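Work through the exercises below with the sequence and the 3D view side by side. Try each task before reading its solution.

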Amino acid sequence: MKDNFVSPLCYGGCMCSQSGCSSCGSYAGLMEQTAELLQTLRSAMYPNMFGCNLGNGARLRNAVADCVMRVLPDNYQEISDRLVDSLPDIKAALETDAQAGYEGDPAAISVEEIMLAYPGFEAISIYRIAHELYKMKVPILPRLMTEIAHRNTGIDIHPGATIGRYFFIDHGTGVVIGETTTIGDHVKLYQGVTLGAKSFPTNVDGTPVKGIKRHPDIGNNVVIYSGATILGGNTVIGDNCVIGGNVWLTESVEPGHTVYAAHAETRRRTIQ
């Protein structure tokens with residue numbers, strides 16, 4: 001009985017429902033290959049930080065194509081070229097993120113320190129690459145990428161989230177950002193922040209309905225302190241808000257307000 005179960009798994013029997021799996025075992029080693037690809041892409045953008053630069057020529061494009069082909073065998077070359085061509089835009093966004101980290105943390109001594117030593121920057125840089133693939137509807141790879149970041153940093157950003165520029169996660173451990181979250185520019189999160197789903201409808205079989213808005217919208221110039229939890233697809237945090245530590249929010253907050261946990265108090269901020 002044991003041999004009958006193991007044999008199809010090892011010799012070509014397929015138990016996978018994904019269209020990208022041409023035969024059983026075709027995803028073996030994909031996590032490791034994806035991690036190598038991330039290192040290659042980050043090195044291409046910042047060779048002096050993360051390693052040798054393959055440029056944007058054939059070697060880099062082939063490295064991307066080899067990985068994308070594993071999950072998208074039909075038009076992997078087009079997807080690979082689009083990802084490589086998007087690297088300058090990704091880098092431009094990441095430079096604003098690194099600058100936000102340097103300006104936002106008095107302990108930071110340089111932008112280079114932010115890029116090399118801060119887990120938030122690692123998670124954001126991987127997210128921005130994964131998000132490009134997510135927008136191109138590439139299966140599996142975007143989630144593998146952000147899960148690699150999650151394992152390395154303790155920061156869980158779904159590749160489907162939409163995040164503006166000058167984004168900084170300080171410390172970072174335990175941060176969760178859900179798939180349909182939107183975040184504006186100049187937003188700062190501290191450790192343990194959850195931007196999650198409150199509840200969602202289910203199908204008749206009890207499984208959750210997919211593809212609907214489930215996570216909050218965060219405006220521009222918002223600071224969210226450690227341990228805050230903001231839930232729900234209809235929850236909007238307006239521009240220029242401060243959300244205090246350990247706050248639990250399932251309702252929207254008007255622009256320019258500060259919310260405190262200790263006294264469940266909301267007050268208007270004076271913007272200088």
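## Exercise 1: The chain as a whole

Among contacts in the chain (heavy atoms within 4.5 Å) between residues at least 6 apart in sequence, 43% join residues at least 24 apart. The model is predicted: local features need pLDDT of at least 70, side-chain atom pairs count only at pLDDT 80 or more, and totals for chains, interfaces and linings use all residues. Residues are numbered from 1 along each chain as its sequence is written, and side-chain values use heavy atoms, with hydrogens and water left out.

**Task.** State how many helices and strands the chain has, and what share of its residues is buried.

**Solution.** 
- Step 1. Take the secondary structure as DSSP runs, numbered from the N terminus: helices are H or I with at least four residues, strands are E with at least two. The chain comes to 8 helices and 15 strands.
- Step 2. Apply the burial classes: buried is under 20% relative accessible area, exposed over 50%, partly exposed in between (1.4 Å probe, protein chains only). Buried residues make up 44% of the 272 residues.

## Exercise 2: The nonpolar core

**Task.** Find which residues of the largest nonpolar core touch the most other members.

**Solution.** 
- Step 1. Define the set: buried Ala, Val, Leu, Ile, Met, Phe, Trp, Tyr and Cys residues joined through side-chain atoms within 4.5 Å.
- Step 2. The largest such core has 67 residues, and Ile-177, Ile-224 and Ile-243 touch the most other members. Elements that each supply at least two residues include helix H2 (30-45), helix H5 (76-104) and strand E3 (167-169).
- Step 3. Look around Ile-243. Beyond its neighbours within four places in sequence, its contacts include Val-223, Ile-224, Leu-249 and Val-259.

## Exercise 3: Leu-141 and Thr-34

**Task.** Decide whether Leu-141 is buried or exposed, and which residues it contacts.

**Solution.** 
- Step 1. Leu-141 is in helix H8. Leu-141 counts as buried because its relative accessibility is 0%.
- Step 2. Skip the neighbours within four places in sequence. Leu-141 then contacts Leu-30, Thr-34, Cys-67, Val-68, Val-71 and Leu-133.
- Step 3. Follow one partner. Thr-34 lies in helix H2 and is also buried, at 0% relative accessibility.
- Step 4. Thr-34 touches Cys-67, Leu-141, Leu-144, Met-145 and Ile-148, not counting residues up to four places away in sequence.
- Step 5. Check a distance. Leu-141 and Ala-130 are 11 residues apart in sequence and 7.4 Å apart in space, C-alpha to C-alpha.

## Exercise 4: Positive phi

**Task.** Say where Ile-140 and Asn-221 lie, and give the phi of Ile-140 and of Asn-221.

**Solution.** 
- Step 1. Recall the background: most residues other than glycine have a negative phi.
- Step 2. Ile-140 lies in the loop between H7 and H8. Its phi is positive, about 65 degrees, although Ile-140 is not a glycine. At 26% relative accessibility, Ile-140 is partly exposed.
- Step 3. Asn-221 is in the loop between strand E8 (217-218) and strand E9 (223-224). Its phi is positive too, about 55 degrees. Asn-221 counts as partly exposed because its relative accessible area is 38%.
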